[in-house]
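Hi everyone, thanks for coming.

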Amino acid sequence: MKHLISIRDLTRDSAVALLDSAQQLSQVNQRTVKSLPALRGKTVVNLFYENSTRTRISFEIAAKRLSADVINFDAQASSASKGESLKDTAQTLEALGAAAIIVRHPMSGAAHALANRGWVSASIINAGDGRHEHPTQALLDALTIRQLKLSGSDLTGVKVLIVGDLEHSRVARSNILLLSLLGAAVSVAGPAELVPEGIAAMGAKVYKSFDEALAEQPDVVMMLRVQLERMLKNEAFTTRDYVKNWSLDQTRLGQLGKETVIMHPGPMNRGLEISNQAANDPRSAVLRQVENGLAVRMAVLHRVLSGEVTN
Ligand code: CP
């Protein structure tokens, strides 16, 4: 595997192999000496045109744990602010020695363009492109579910409900594809104006009501961030209606099973899509998701730069 642009790049076997590899690498993160020599001499660039806390920092730590050199590109402090194109920027980074470029970009398809138009020969990893995909987020979510639901190597039989702003969510798209590939039963629920056409064709059952979907007793409830920054001014959205119908509030929290896993990719809008009580509940896996992001990104970097899985 040279690039990771979309979950569609993976087969069920290659996805399971990546999760197994991440599980094994997570043990490195528990050791006193947390580094491996696997990528010594390779240079990895974080090319982020959108803000990020979890993804950028975990890719940086992941690359360092594998002994790669890491460069962080800040679009606002770079010549991108003078109009330099994505193509010219990537070619410049490759001329400076980048073996892998991890790209986050507001335009859907940006990572695909970098990987497939022959602009650069470096490995490209998609760290989120517009509304399209965020494949490493889905992998870390799948690893988290696998650890907590003890369902063997894949997710056969696990019921996952994804709730909220599906329209703008690359996290939801990657998760629907990956969790379905791994055998989970994926359903979604969200306000009509934030449920895009085609989501059912991706393999998800669509509910029009959060409460109706919760009555099916999902094993995992994954709340999505309301992406206010991507909404057009004329989109019908009111915080009061959203909280009433779509928030994982105290009442809905009480309807979850004792073992139901609460997930959120972060950053959370506490008090909007998720209440403080739900975010802080013992069933919340939010910080475990972050922790697993490190192991998953180590596995992905190792895979694309060495051509191997670690197990
Ligand atoms: N989940 C996620 O992608 O978070 P960041 O935007 O902080 O990277």
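Let me start with a question: how do the residues of the lining of the largest cavity divide into nonpolar, polar and charged? The answer is 4 nonpolar, 6 polar and 2 charged. For those classes, Ala, Val, Leu, Ile, Met, Phe, Trp, Tyr, Cys and Pro count as nonpolar, Asp, Glu, Lys and Arg as charged, and the others, Gly among them, as polar.

Some housekeeping before we go on. This is a predicted model, where local features need pLDDT of at least 70 and side-chain atom pairs count only at pLDDT 80 or more, while totals for chains, interfaces and linings use all residues. Residues are numbered from 1 along each chain as its sequence is written, and side-chain values use heavy atoms, with hydrogens and water left out.

On a 1 Å grid over the protein atoms alone, a cavity is a set of points where a 1.4 Å probe fits but cannot get out, whereas a pocket is an open set with protein on both sides within 12 Å along at least five of seven lines; lining residues have an atom within 4 Å of a point. Grid points are joined across faces, edges and corners, and a volume is the space filled by probe spheres set on the points. Helices (H or I, at least four residues) and strands (E, at least two) are DSSP runs, numbered from the N terminus.

Back to the cavity. Searching the whole structure turns up 1 cavity of 30 Å³ or more, and the volume of the largest cavity is about 70 Å³. Its lining includes Arg 54, Gln 137, His 264 and Arg 297. Two or more lining residues come from each of α2, α5 and α11 (286–306), and α11 gives the most, with 5 residues. Domain 1 (7–133 + 290–306) and domain 2 (135–289) both contribute to this lining, so the cavity lies between them. Those domain bounds come from an automatic or database domain assignment.

How do α2 and α11 pack? Their angle is about 55°, with the axes 8 Å apart. Axes here are lines fitted to C-alpha atoms, for helices over the stretch in contact, and angles run from 0 to 180 degrees between N-to-C directions. The two helices are therefore oblique to each other; angles under 35 degrees count as roughly parallel, over 145 as roughly antiparallel, 65 to 115 as roughly perpendicular and the rest as oblique.

Now to the largest pocket, which holds about 380 Å³ of space. It has 20 lining residues, and the closest to its centre are Arg 104, Arg 170, Arg 225, Gly 266 and Pro 267. α2 (54–65) and α6 (170–181) are the elements that give two or more residues to that lining. By class, the lining has 4 nonpolar, 9 polar and 7 charged residues. Here too, domains 1 and 2 both give residues to the lining, so the largest pocket lies between them.

The peptide bond from Gly 266 to Pro 267 is cis, with omega near -5°, and Pro 267 sits in the loop between β9 (261–263) and α10 (276–280). As background, most peptide bonds are trans.

Finally, the second largest pocket has a volume of about 220 Å³. Strand β2 (residues 69–74) provides the largest share of its lining, 3 residues.
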